Amino acid sequence: MALHSGALQIFENNVGVSDAVLLDPVTEDVFIKNIQDRFQHQQIYTYIGNVVVSVNPYEKLPLYNHSVVEEYRSRNIYELPPHIYAIADDAYRSMRDRSLDQCIIISGESGSGKTEASKVIMQYVAEVSGKGQEIDRVKEQLLQSNPVLEAFGNAKTTRNDNSSRFGKYMDIEFDYKGDPVGGVITNYLLEKSRVAVQSNGERSFHIFYQLLRCGDPKLLSALKLVADPHKYNFLNTSGCTDVETINDAADFAAVQNGLKIIGFRGEEITALWQLVAAILKLGNVQFSPRTNADNTDGCDLSTPKEVEEAAGLLGCSYDTLAHALMHRTVAVKGDMVTTDLSVPASYYARDALCKAIYSRMFSWLVNRINDSIKQDSISRSRDKHKLVRGGQRTKVMGVLDIYGFEVFETSQGQSNSFEQFIINYCNEKLQQIFIELTLKEEQEEYIKEGIEWIHVEYFNNAVICELIEKSVSGILSLLDEECLRPGNTTDRTFLAKLDERCAGHPHYESRNCRKNQSDKTLPHDAFRLRHYAGNVTYKVEGFLDKNNDLLFRDLSQSMHKCRHLLLQALFPEGNPSEKSLRRPATAGTQFKISVTELMKNLLSKNPNYIRCIKPNDFKRPKKLDLQIVTHQVRYLGLMENVRVRRAGYAFRQVYEPFLYRYKMLADKTWPHWHGAPQEGVKEILQQQQISQDEYAFGKTKIFVRNPKLLFDMEERRRERMHYLATLIQKIWKGYYQHKLFLIMKAAQVVISARFRGYWAHKQYKATQRATLIIQCYARGWKAREILRALKLAKKRQLAATTIRRYYMGYKARVLLAQLKLAKKQRLAVTTISSHYRGYKARVLLAQLKLAKKQRLAVTTISSHYRGYKARVLLAQLKLAKKQRLAVTTISSHYRGYKARLLLAHLKDLKRQNLAAVVIQKYARAMQARHLLASMKRERREYWAQGVILKYFRGWQVRRVFKPKFRRIAGPKVARFVKTALKRRYLLKLRDSLPSMSPISQDWPAAPRRFKTTSEVLCKLFHRWRCAKYRQRFDEKSRHRMREKVTASDIFKDKKEIYPPTVPVPFKGDYVGLSQNLKWQKTYKPTDDAYVVFADNVMKINRADGKMVSKLMVISSQAVLLLDPKSLALKYRIPLNLVTKISTSPFKDKLIVFHLQKQENGDVLTKKGDFVFSNDNLVEIVAKVVMVIQQLTGKQPEVQVSQRMVAEFKGHTVEVSFNNGQPEVQSGNVRITRKGNRLDIIQT
């Protein structure tokens, strides 16, 4: 059947009774039978008041998906069927809404589902709490801590494949909104003996098998490991290395992912794997016996390679580790004496070292996880057990997943030892708190509701707790005394001391006590305690060793010498420079202190309980072993819980839902009761004639003494509901038949009306047909008259068209003849012009050639004459003494001659080139004129052909269509075509209009004919959709839009941080100041009551540039600077004094408010301008500008500049902004003040 169909009551859709408090009679058999019936129908949860009893189904049930979470979210605990979600939601909402710290205590024996229950609670809290990047990171770290701790702290046992071998208490910290911000984990009593020894069919901790089977081959090679658990002595002795229900590969991947998400560094993860590998290597170390010279027992290493590899992993030398394993140093009368260890003692030392390394590594792992998931700046108050952050108290929800009461049957070959003793001691303390808090809660509810308190008889287990923990005569104190006593102390001497000190206690039994000497069920080496859950026999063998938990000094010192990343911190007592003669606390004392701290912590919170039950020992679904369940019900004290809950009144409920459920049992309350709910409940009970002794009225609830009354009420309600259902059915049938009659009556009226209408319509049609025949004859006569007139007009038009056609043809032929004559004339002129220009070019060329020959002759004669003159002059110069001057003169004349010759040659070439260019120009001009004339002629021919073609086509069209149209049909057709084109364009535009978004630039393309019309329509449509868009805004939205427009006018293309703020709406009150009672009380009577903007800002000190946190409040009159905590007023800046606002164009968030300077102003104006920093800079400036404009009617100046001037205490200071690193996106700044200069650098 459906488990979660949305029922509003716990009595419906359930098998058996959902709340065991309502069982009648209250016996153990009835209680277990109820659990069995519900378990068989997959209803694994049952209430005992507000306690959830959970039975492990050993199968996946559809109870934990998102839809079920949403169904239980923010619902009363009794509104839906029992579920862990209900208790988790109740605790979460009490913590969030009423600021009550909560704790959820999960208990039960191994295999009962405690670990899964804690995961379900964590999953629910993660689902219902808030969202956000930082919140999701904290959630993920809290959730990922589970697979990491399970790998290192869980193991496969005979009872459970994923048994937690340690107790865990997690405090999840929440802020005022109920969002998780961190957490702290505390571990209790790790079963470290499992590292070295496991029972048959069990495994060691999961991490060993995960690392060996699923580790990367390179990692295993670096750790000197092989991927086979059978190769290691610590793992192969139990005969179990593989488990079908465990996927080591997936779990190891989850562990690696969890370590990364939590924040472990790479070297820390490597250090963890090294310690795990070293433990496996040490487990393979073997020793051989050796007899020393003084006849004492010693030993030698049989496997030196294993020791060498372990030493390499631990970071110490082979000799150091080997010596520590085979020797022991003892202080004898101040002297240090080293003795050899025998083979058993060496094995004991090896196992003790491995257990110590693993236990301390696990504690370091828990502390390291705490460092990652705990809230920043958390300080723990040891006396109040509250979490504090920055002076503000955070809310806490604790989850305690701890071992339940543990009893081994001696018939199965197992015995209860020291571990079971302290586990059961812890459960005794939890049971004591449970009884006290349950009774206290009952008493407080009775007092709150004004019900007389009824004394409840119950078993007070404080006497057992005192027997165990009493400071002098308690069992733990006697055990510590025996461990510390000099001389030969054994487990038997400890038992003798217990028999001597505790023999008279009623809850202590021993074979050596006179009252139990004849009890053969009690061994001689054991004692029995009568716990609240039953009698447990403890064998004293190993009590002293396990309580001492000794680690030889040589082993501690060798570990402290290691170069490993963690070992020095794990073994601080091995530091020779910090020797202490004080003996470390025993395991029992440490656990007693931890339990005491845990009890104080739980007492400071509101407790919620989940009791887990294992249905069978074989982990099979749908199988419930009554003997096993009965045993767990007894030692969990569930019947005790039911009796305490039933001691006064078994059932209580608020008046409103009680009245709503049973209002049909009284005539006055059905169907509606308009009086007080309590009076309505009284009316129901009186009409049902229920004795007043069976119930009592509280202030807000009704209390029912006997569950039988509640079940009788339910039975009467079912009978009454059956009667009401019959009554409703009867009324519905009558209503249905009446409605059917009305429908048939209306149908008859419609048929009658339709027939009358049909007959009248038929008569009208006959009259209409006669009228149409007369109209047709009249219209035919008029049409024939018009036809005769049209035929006459058509003949006249045809004659005119023929005459026009012949005339237009004659005009075209004349024009064509004229064009041909003009073409011939142009061709003759062009030929004559070309011949004449050729003749002129040849004459010019002959003249140029003649001039060239004449110049060459003159040049030759001149050269000969100048040569003669030069020779004469040379002869004269040879006679002179100045031969050098003569030579120079001749050379200069010769060069002049060469230059003139070259110049004449160049001029001749220039004239030739010029003549060629002129000839070429004339030739090209002639060709161009020929081409132009040809093109003009062709153009005129084409034009003439087009004119003729148009006239011809017009004549054809008129010839074809003129008989069909009147003479005035042409303009009408043109108008019709134009109208059709316009209509088609407008209809197409209607179907392809763009979106209604005002920012859309799309507009359909228009034909060239309607381009102007399209532009006008585009403008009209844009204005219309903008008006429609504005009409959707209310006044508040318009104001926000005006703020955005103001911000755009001020900062667009000026401030770098402006573009990201455009899509973000302005919130105004970021700190919820309007709902703050202190604000309302202090400032509501003033002019500053209306809050325009409120947020925490950083005020810049004018002297040194340091920042101070203030609360800025912008009202309709002034800017207020308040203390963030006390709301005390520091500064009040009237807005009419703000003359200018300045900021930089960079990513910084600094604002400068320039105040009006007054000679006799107050202290505020004398201090000068103000500088603030806030992430909402754009919003602050926009709101201040609008408020000032509304207040003064004038908008203040807003300056966006890299440099500006400010007044600080009467001094003019230059403020300079520097964008130190343009690529930086954070907007952080560094501010320095030097004299009259304030530098602001973005970092």
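Helix 5 (residues 133-153) and helix 13 (residues 343-373) pack at an angle of about 180°, with their axes 11 Å apart. Helix 5 and helix 13 are therefore roughly antiparallel to each other. The model is predicted: local features need pLDDT of at least 70, side-chain atom pairs count only at pLDDT 80 or more, and totals for chains, interfaces and linings use all residues. Residues are numbered from 1 along each chain as its sequence is written, and side-chain values use heavy atoms, leaving out hydrogens and water.

**Terms for helix packing**

- Two packed helices are described by the angle between their axes and the distance between the axes.
- Helices (H or I, at least four residues) are DSSP runs, numbered from the N terminus.
- Axes are lines fitted to C-alpha atoms, for helices over the stretch in contact, and angles run from 0 to 180 degrees between N-to-C directions.
- Angles under 35 degrees count as roughly parallel, over 145 as roughly antiparallel, 65 to 115 as roughly perpendicular and the rest as oblique.

**Helix 5 with helix 13**

- On the helix 5 side, the contact (heavy atoms within 4.5 Å) uses Gln141, Leu142, Ser145, Val148, Leu149, Ala151, Phe152 and Gly153.
- On the helix 13 side, the partners are Tyr358, Met361, Phe362, Leu365, Val366, Ile369, Ser372 and Ile373.
- These contact residues divide into 12 nonpolar, 4 polar and no charged.
- Here Ala, Val, Leu, Ile, Met, Phe, Trp, Tyr, Cys and Pro count as nonpolar, Asp, Glu, Lys and Arg as charged, and the others, Gly among them, as polar.

**Helix 5 with helix 6**

- Helix 5 also packs with helix 6 (residues 206-214), at an angle of about 100° and with the axes 5 Å apart.
- That makes helix 5 roughly perpendicular to helix 6.
- Glu150, Ala151 and Phe152 of helix 5 meet His206, Ile207 and Gln210 of helix 6.
- The residues of this contact divide into 3 nonpolar, 2 polar and 1 charged.

**Helix 10 with helix 11**

- The axes of helix 10 (residues 266-283) and helix 11 (residues 304-314) come within 9 Å and cross at roughly 165°.
- Helix 10 and helix 11 are therefore roughly antiparallel to each other.
- Helix 10 brings Gln274, Leu275, Ala277, Ala278, Lys281 and Leu282 to the contact, and helix 11 brings Glu306, Glu309, Ala310, Leu313 and Leu314.
- These residues divide into 7 nonpolar, 1 polar and 3 charged.

**Nonpolar cores**

- A nonpolar core is a set of buried Ala, Val, Leu, Ile, Met, Phe, Trp, Tyr and Cys residues joined through side-chain atoms within 4.5 Å.
- Buried means under 20% relative accessible area, exposed over 50%, partly exposed in between (1.4 Å probe, protein chains only).
- The largest nonpolar core has 204 residues, and Phe31, Phe152, Phe208, Trp273, Leu321, Tyr358 and Phe527 have the most contacts inside it.
- Helix 13 gives the most to this core, with 15 residues.
- A second, separate core has 32 residues, including Phe1051, Leu1177, Ile1180 and Ala1182.
- Leaving aside neighbours within four places in sequence, Phe31 is in contact with Ala20, Leu23, Ile48, Val633, Leu638, Met639 and Val642.

**Two single residues**

- Ile628 sits in helix 22 (residues 626-635) and counts as buried, at 15% relative accessibility.
- Not counting residues up to four places away in sequence, Ile628 touches Lys614, Asn616 and Asp617.
- Ser594 lies in helix 21 (residues 587-603) and counts as partly exposed, at 27% relative accessibility.
- The C-alpha atoms of Ser594 and Thr320 are separated by 35 Å, and these residues are 274 residues apart along the chain.

Notes:
Helix = DSSP H or I, 4+ residues; strand = E, 2+ residues; numbered from the N terminus.
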